[in-house]
Amino acid sequence: TSGTAAAVAAPSVAMTPVVSAPAGPSHPVVLRPPRQLPADAPRVLVALDSRDERRAVRNALEDAGCSVIEAADGEAALAYTRRLAPALVITELVLPKLDGYALAQALGDDGGPPCIAFTVQRDEQALAWARECGCCAVVPAHDGPAALATAAREALAAAGRQIRLAI
């Protein structure tokens with residue numbers, strides 16, 4: 001050997017942090033192994049005010065090969081979208097500070113990414129209004145995060161984004 005080491009390039013991946021809940025009798029620590037997502041994994045912004053719901057949706061989207069940005073209110077979601085340019089936004093319709101209807105409308109006005117409503121609303125008028133405000137799809141929350149991940153895959157494919165599954 002000549003004494004020189006050959007450099008080996010590591011694959012380009014974005015690491016997803018380990019998710020844990022506060023420890024205690026009602027909140028046992030739940031650890032998920034970190035995910036290695038492709039560097040070109042589509043970024044999806046999730047605007048839900050419930051931390052537990054955001055965690056469940058994050059897990060489903062990461063399982064589908066997406067990188068996830070979280071926001072707890074509509075104003076933060078709009079600011080993050082403008083700054084970070086995600087490929088897709090998922091929002092609930094009832095959010096603090098700026099509701100999902102106004103968020104979808106602002107994204108459309110900005111020429112922003114497609115938006116999916118994930119909602120407990122069952123009123124047909126509310127669901128129709130979500131579509132009128134610019135949501136490309138409305139997924140009932142009772143269908144669960146897996147149905148939302150399927151709708152996200154479809155919306156990303158319609159926007160021309162390919163998804164590679166997480167390792």
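How many helices and strands does the secondary structure of the protein chain come to? Here are some notes to read alongside the model, which is a predicted one.

1. **Overall make-up.** The secondary structure comes to 5 helices and 7 strands. Starting at the N terminus, the elements follow the order β-β-β-α-β-α-β-α-β-α-β-α. The protein chain has 167 residues, and 41% of them count as buried.

2. You will find an open sheet of 5 strands, paired in parallel, in the order S4-S3-S5-S6-S7. Its edges are strand S4 (67-71) and strand S7 (135-140), each of which pairs on one side only. On average, neighbouring strands in this sheet are turned by 20 degrees against each other, direction ignored. Inside the sheet, strand S5 (residues 88-91) pairs with S6 in the parallel sense over 3 bridges.

3. Helix H3 lies across strand S3 (43-47), S5, S6 and S7, and runs at about 165 degrees to S5. Helix H5 (residues 145-158) also packs on the sheet, where it touches S3, S5, S6 and S7. The direction of H5 makes about 170 degrees with that of S6.

4. **A closer look at H3.** Which residues of H3 are buried? They are Gly100, Tyr101, Leu103, Ala104, Ala106 and Leu107. At the start of H3, a side-chain oxygen of Asp99 comes to within 3.2 Å of the backbone nitrogen of Tyr101. After H3 comes Gly111, with a positive phi near 70 degrees.

5. **Positive phi outside glycine.** Two loop residues deserve a glance here. Ala85, in the loop between H2 and S5, has a positive phi near 50 degrees, although Ala85 is not a glycine. Ala85 is exposed, at a relative accessible area of 55%. Lys97 sits in the loop between S5 and H3, and its phi is positive too, at about 70 degrees. Lys97 is likewise exposed, with a relative accessible area of 63%.

6. **Arg54.** The side chain of Arg54 reaches the backbone oxygen of Leu48 at 2.7 Å. Setting aside neighbours within four places in sequence, Arg54 is in contact with Val46, Leu48, Asp49, Glu70, Ala71 and Ala72.

7. **Pro114.** This proline belongs to the loop between helix H3 (100-109) and strand S6 (115-119). Pro114 counts as partly exposed, at 25% relative accessibility. Beyond residues up to four places away in sequence, Pro114 touches Ala87, Leu88, Val89, Cys136 and Ala159. Pro114 and Ala159 are 45 residues apart along the chain, with 7.9 Å between their C-alpha atoms.

8. **Cysteines.** How many disulfides does the count come to? The count is 0. Cys133 is in no disulfide, and the nearest cysteine sulfur, that of Cys135, is 7.1 Å away. For Cys135, the closest cysteine sulfur is in Cys115 at 4.1 Å, which is too far for a bond because a disulfide needs the two sulfur atoms within 2.5 Å. Both Cys133, with a relative accessible area of 4%, and Cys135, with 6%, are buried.

Definitions and conventions. Residues numbered from 1 in each chain as written. Predicted model: local features only at pLDDT ≥ 70, side-chain atom pairs only at ≥ 80, totals over all residues. Heavy atoms only, no water. Buried < 20%, exposed > 50% of the residue type's maximum accessible area, 1.4 Å probe, protein only. Helix = DSSP H or I, 4+ residues; strand = E, 2+ residues; numbered from the N terminus. Contact = heavy atoms within 4.5 Å. Polar contact = N/O pair within 3.5 Å; in protein donor to acceptor, adjacent residues only side chain to side chain. Pairing = 2+ DSSP bridges. Axes fitted to C-alpha atoms, helices over the stretch in contact; angles between N-to-C directions.
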